[in-house]
Amino acid sequence: MGHALQIEGLTVELGGRRVLEDVTLSAAEGEMLVLLGPSGCGKSTLLRAVAGLVQPRSGTIQIGGRRVDDLDPGERDVAMVFQSYALYPHLSVRGNLEFPLRRTRVPAEERTARVAEAVRMLALEGLLERKPAQLSGGQMQRVALGRALVRRPRLFLFDEPLSNLDARLRAELRAEIAALHARLGVTALYVTHDQAEAMTLGTRIAVLESGRVVQVGAPLDVFREPATTFVAGFVGSPAMNLLPGRVRGGTLELGTPSAGGLAITGVGGPDRDGIVAGIRPHDVAWVRASGPGGGVGPTLVVARVEHLGTECLVDLELGALRLRAALPPSATPRPGDPGPVRIRPETVHLFDGATGRRLVGAKRVPSETPANRPPTPHS
Amino acid sequence: MSVAIPSGVRVEHGAARAALALLAAAAFVAPLAMMLWVSVQPPGSGLSRSDTGGELAFQNYAHALERMGDFPNLVARTTLITAICVVGQCLTCSLAGYALARVPFRGRSFVFALVIAAMLVPDQVAAIPRFLLFRSLGLVDTILPLVLPAVLGGAPLFVFLFRQYFLTLGEDLVEAARLDGCGHIQIWWRVMLPLAKPMLATVAIFTFLATWNDFWAPLVYLVSPENRTLTLALAGFQRTYDTAVEWLMAASAVVAAPCILVYFLAQRLFLRGVQVAASKR
């Protein structure tokens with residue numbers, strides 16, 4: 001399958017500050033490539049560079065095999081959906097949908113047909129004569145989607161299109177965008193800082209950190225095998241626990257013996273200092289000790305509890321060691337409750353403490369101990 | 001801590017505001033009322049007459065228009081000059097304002113600084129160089145010296161106001177239009193101008209009033225009697241010994257009527273434009 005989008009060595013500077021650094025990325029035909037990262041990481045700048053709204057300092061951009069970095073935005077055959085909708089306030093919904101077609105001199109008959117198709121797909125019937133000010137946020141974003149759809153571009157660009165909507169509408173429109181993408185098979189570049197959007201919409205996810213692409217892969221691959229501590233901490237909700245430690249004889253030792261710590265046996269790998277262990281809160285099992293000295297392994301104390309309805313987030317402490325666990329909604333821990341934790345060694349991610357990179361071969365090492373065996377204390 | 005204000009104090013406060021507003025309104029309305037009153041006094045009575053005898057001399061208006069000369073031509077010429085200035089000012093100042101607000105180009109800040117600096121230069125300072133320029137171009141005694149400055153965007157205040165207004169419209173709109181295939185001229189014409197109606201109304205009214213009532217520029221540039229404008233014709237009423245005040249007021253009322261009418265028709269848009277221009281950006 002050919003590349004609908006090919007970005008090579010793209011560097012962008014804005015106001016003397018390097019916002020993107022040597023970005024190389026591609027999207028296959030029909031793929032939804034999601035750019036994921038925190039605010040200020042350069043993901044929107046990358047999108048705007050592809051759109052032609054930002055001039056790169058170096059690098060090339062090809063859309064459909066055609067180099068476009070010297071072309072005006074209107075000549076790149078891309079359509080963009082903005083976070084702010086960017087609907088023309090003085091035009092009706094129909095006027096907004098027809099606007100790009102009129103500018104590109106699409107014949108009236110085809111224009112009408114394309115608008116009618118978009119209206120049908122996005123359920124905009126009955127809104128055509130309204131002005132944007134008379135629409136709700138969800139309706140405005142649908143019109144913005146329609147304005148992009150009628151152009152039938154080679155590449156769709158989405159710049160955090162759901163960020164201004166409330167949670168319910170966001171979920172609705174997310175599903176609609178996913179359905180539209182599946183139905184039309186269009187190539188799209190989608191910017192978001194919302195990992196739920198990234199995970200559900202993306203064919204692949206590109207995670208950006210400080211203007212650099214740090215990992216590209218299928219959503220589940222990025223989630224299961226984060227390439228760096230940054231990705232590990234950013235992808236997944238609640239965020240992964242990242243704890244300094246070391247490996248001795250296949251056992252992961254977390255925390256410092258003097259201030260309390262945990263040992264997780266069966267992690268494997270050579271002895272090594274200065275590592276960072278990543279443990280997802282959902283992989284931490286905690287049970288309240290039935291009494292003094294109850295349970296198995298070191299006792300962690302509940303410091304804070306957040307009931308989210310679907311689950312219960314608990315901050316656990318053992319000396320200086322802090323660990324977050326996501327427990328089933330039926331759990332009823334209270335601050336001050338003691339209890340041991342259970343962490344399966346194959347769920348532990350190991351990273352180099354100095355570079356933050358994932359340690360090769362450190363993932364899912366076959367456990368020598370039963371998966372549900374609790375860790376043993378080393379303090 | 002919140003302090004409850006007794007309702008009596010609020011009423012007094014409101015009454016004081018209303019009284020002040022009435023005073024201010026009276027200060028503005030009084031000259032107009034005086035003009036209208038004097039314009040219907042019998043000739044010769046003027047401001048000194050205490051007894052009108054119940055007779056209002058509406059025929060003053062007919063006499064005044066007759067004395068002004070070729071009134072239809074005066075109106076036509078003044079209207080033409082005003083219309084060109086209003087349209088020209090709106091178009092060129094908005095175009096310059098758009099460029100300064102939304103078109104990135106090298107030296108934009110410097111150009112904007114020049115616009116601001118130009119606002120500080122009084123018109124009178126440029127009057128003589130401008131006259132010499134138009135005389136060297138052979139344009140004296142034509143309407144061109146009266147309209148060219150407006151057509152060429154020569155009102156830095158309006159350029160500034162448009163720039164401020166366009167900055168309040170989101171940049172996303174410009175970017176969306178660029179992606180939809182528009183160049184900057186199309187964006188200005190198809191997106192920005194339709195959204196700038198309040199500012200257009202403000203600039204149009206200011207320009208209309210300034211041009212319609214302009215006495216200085218027509219006096220300097222228009223020499224031939226057949227090229228006169230309404231304000232020059234009004235000045236013709238003033239004589240050393242026998243100024244017909246009643247006729248002058250009648251003619252003034254006729255000349256001022258379009259200004260008052262235009263302001264009332266576009267009042268709402270005008271106020272919106274002024275509010276936006278005054279907002280901090």
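**Labels and their cut-offs**

Author: B:Asp141 counts as partly exposed, with 15 C-beta neighbours inside 10 Å. The model is predicted: local features need pLDDT of at least 70, side-chain atom pairs count only at pLDDT 80 or more, and totals for chains, interfaces and linings use all residues. Residues are numbered from 1 along each chain as its sequence is written, while chains are lettered from A and ligands numbered from 1 in the order in which they are written.

Reader: Why is B:Asp141 called partly exposed?

Author: A residue is buried if 20 or more other C-beta atoms, placed from the backbone, lie within 10 Å of its own, exposed if 12 or fewer, and partly exposed in between. B:Asp141 has 15, so the label is partly exposed.

Reader: What makes the phi of B:Asp141 worth a remark?

Author: Phi is positive, about 70°, although B:Asp141 is not a glycine. Most residues other than glycine have a negative phi. B:Asp141 sits in the loop between helix H5 (123-136) and helix H6 (144-151) of chain B. Helices (H or I, at least four residues) and strands (E, at least two) are DSSP runs, numbered from the N terminus.

Reader: Which residue of chain A has a positive phi without being glycine?

Author: One is A:Arg152, with phi near 50°. A:Arg152 lies in the loop between helix H4 (137-149) and strand E7 (155-159) of chain A. A:Arg152 has 15 other C-beta atoms within 10 Å, so it is partly exposed.

Reader: Which peptide bond is cis, and where is its proline?

Author: The bond from A:Ser237 to A:Pro238 is cis, with omega near -5°. A:Pro238 is in the loop between helix H8 (229-234) and strand E11 (241-248) of chain A. Most peptide bonds are trans.

Reader: How do you know that E1 and E2 of chain A pair?

Author: Two strands pair if DSSP finds at least two bridges between them. Here 8 bridges join E1 (residues 3-14) to E2, and the two run antiparallel. A:His3 stands opposite A:Ala28 in E2(A).

Reader: What makes E2 and E5 of chain A edge strands?

Author: The open sheet has 4 strands in the order E2-E1-E4-E5 (chain A), with antiparallel pairing. Strands E2 (17-28) and E5 (66-67) each pair on one side only.

Reader: How many helices and strands does chain B have, and what share of its residues is buried?

Author: Chain B has 14 helices and 0 strands. Of its 281 residues, 31% are buried.
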